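Here's a quick tour to follow with the model open beside you. Take it one topic at a time and find each spot as you go.

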Amino acid sequence: MAFVLVMLTGLTGCRAQQPWPLWEAYTKHFVDGQGRVIDRAAPGAQKDRTTSEGQAYAMFFALVDDDKAHFEQLLSWTEANLAGGDLTLRLPAWDWGKSEQGDWKILDNNSASDADLWLAYDLLEAGRLWHDPRYSKLGELIAARVAREDVVLVPGLGTTLLPGPHGFHPDDQTWVLNPSYLQPSVLAYLSKTLPRGPWGSVLESLPALVDHDMDHGFAMDWVTAGPGGVHPAAPPAEPSAGAREPQPAGSYDAIRVYLWAGMADPATVREVLPQLSGMGAYLRGAATPPLEVDAMGNVLHADAPVGFSAAVVPYLTAVGLKGQAKTQADRLTASLEPGSGLFGRGEDYYDQNLVLFSTGWGEGKFRFERDGKLRLKWK
């Protein structure tokens, strides 16, 4: 299914293929002159922060657009500021921003395994597509480090991916996991490209993380796993003073599970798609995806932003709900801001990332092959 999108005027590209207006608008609004992706809508003290996820996503979009200049700039900023100047020695810290003392620096040294695997994937594919062995070698080194630091064997589940090296194994019977961190196309690619690594086994753990014990067909943001099985879980962060105790839910993280599954080659996710039936059933009668569902699958907040609509279009297409996919695509198209070239609330960086993935896929700018390799319009 293809999107029908309003093309913007006044944006020019420096490459031979057709420009990607949303990517050009994104770089204008969220990427500074050094190659830092800025989350301007982050709340409170986190305002204007940068995450390793944002850097890795942007590198993927640059590769899809054959935009090597931005790719190199994004990589250089990531290495210099998130990895102490050397990505061959350490994984990037996940959170960078303004400290309480007013200086700009790493705020949390823990790495985020999903961003790290996206980064490895970006580099390996950039090496292949742009014929640059520097990128390929660095991608291999990053993937190997993630395998050493973040891949674990969980009793009753098997080999899987921790969200980061620290803070996700609170006791010897419990591992805290995030299903959206396991991007099936990326894992399929790594298992084929780096066959000595654990990536095929990690991919095999994904269906169990989605098919948790509640069996209501909605993905959860977080789950716990161990000998007792897989169960919805609250986010691992400690609640702030006066805040309500966090509860298990499916929301901003889980929405990516539908997006990743919908964009993947069907053979890669044949066991995953049927386990997400709750979202498809809900959208047979609802105009928008839910913003939040609880551990029992009850909708707590109904109206999600347009990024959620973008994220479910590939999923709805993959499971044959073309009418529902069109409804969400139409909502997305109607939300385009001609002045900024962004969608919905244009300052919401996360929404724009979801839209870039979904519309780039919908317009055929990229496809994930069965082995995870990218098929690109410009190649």
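Let's start with one term: a residue counts as buried when its relative accessible area is under 20%, as exposed when that area is over 50%, and as partly exposed in between. Phe60 comes out at 0%, so Phe60 is buried. Keep in mind that this is a predicted model. The points below go through the rings, the sheets, the hairpin, some loop residues and the cavities.

**Aromatic rings**

- The model holds 32 aromatic pairs.
- In general, you describe a pair of aromatic rings by two things, the distance of the centres and the angle of the planes.
- What is the relative accessible area of Phe61? The value is 0%, so Phe61 is buried.
- Rings can also have a charge over them, and Tyr135 is a case to look up: Arg134 lies over the face of this ring, 4.8 Å from its centre.
- Trp361 has a charge over its face too, with Arg367 at 4.7 Å from the ring centre.

**Two open sheets**

- Strands E1, E2 and E3 make an open sheet in that order, with antiparallel pairing. At its edges you'll find E1 (50–51) and E3 (104–108); each has a single partner strand, so one side of each is left without a neighbour in the sheet.
- E1 pairs with E2 (residues 95–98) in the antiparallel sense, over two bridges. If you click on Thr50, look across to E2 for its bridge partner, Trp96.
- Another open sheet is built from three strands in the order E9-E10-E11, again with antiparallel pairing. Here E9 (249–250) and E11 (299–301) are the edge strands, each pairing on one side only.
- Two antiparallel bridges hold the pairing of E9 with E10 (residues 292–294).

**A hairpin**

- E4 (residues 151–154) and E5 (residues 158–161) pair in the antiparallel sense over four bridges. Val154 has Gly158 of E5 opposite it.
- Three residues sit between the two strands of this hairpin, and Gly156 takes a positive phi near 85 degrees there.

**Loop residues worth a click**

- Asp66 isn't a glycine, yet its phi is positive, at about 55 degrees. You'll find Asp66 in the loop between helix H2 (52–64) and helix H3 (68–82).
- His131 is also not a glycine and has a positive phi of about 55 degrees. Its place is the loop between helix H4 (113–129) and helix H5 (133–150).
- Is His131 buried or exposed? With a relative accessible area of 62%, His131 is exposed.
- Asp213 belongs to the loop between helix H7 (199–210) and strand E7 (223–226). Its relative accessible area is 42%, so Asp213 is partly exposed.
- Asp213 and Met296 are 83 residues apart in sequence, while their C-alpha atoms are 9.8 Å apart in space.

**Cavities**

- How many cavities of 30 Å³ or more turn up in the whole structure? The search finds three.
- The largest cavity has a volume of about 80 Å³. Its lining includes Phe218, Tyr258, Met279 and Phe308.
- Sorted by class, the residues lining the largest cavity are 10 nonpolar, two polar and no charged.
- The second largest cavity holds about 40 Å³ of space. Among the residues that line it are Pro179, Leu206, Trp260 and Val272.
- Helix H8 (residues 255–263) gives the most to the lining of the second largest cavity, with three residues.
- That lining has nine nonpolar residues, with no polar and no charged ones.

Terms used. Residues are numbered from 1 along each chain as its sequence is written. This is a predicted model: local features need pLDDT of at least 70, side-chain atom pairs count only at pLDDT 80 or more; totals for chains, interfaces and linings use all residues. Side-chain values use heavy atoms; hydrogens and water are left out. Two strands pair if DSSP finds at least two bridges between them. On a 1 Å grid over the protein atoms alone, a cavity is a set of points where a 1.4 Å probe fits but cannot get out, and a pocket is an open set with protein on both sides within 12 Å along at least five of seven lines; lining residues have an atom within 4 Å of a point. Grid points are joined across faces, edges and corners, and a volume is the space filled by probe spheres set on the points. Ala, Val, Leu, Ile, Met, Phe, Trp, Tyr, Cys and Pro count as nonpolar, Asp, Glu, Lys and Arg as charged, and the others, Gly among them, as polar. Rings of Phe, Tyr and Trp (its six-membered ring) pair if their centres lie within 6.5 Å; planes under 30 degrees apart count as stacked, over 60 as edge-to-face and the rest as tilted. Buried means under 20% relative accessible area, exposed over 50%, partly exposed in between (1.4 Å probe, protein chains only). A charge sits over a ring if NZ of Lys or CZ of Arg is within 6 Å of the ring centre and within 35 degrees of the ring normal.
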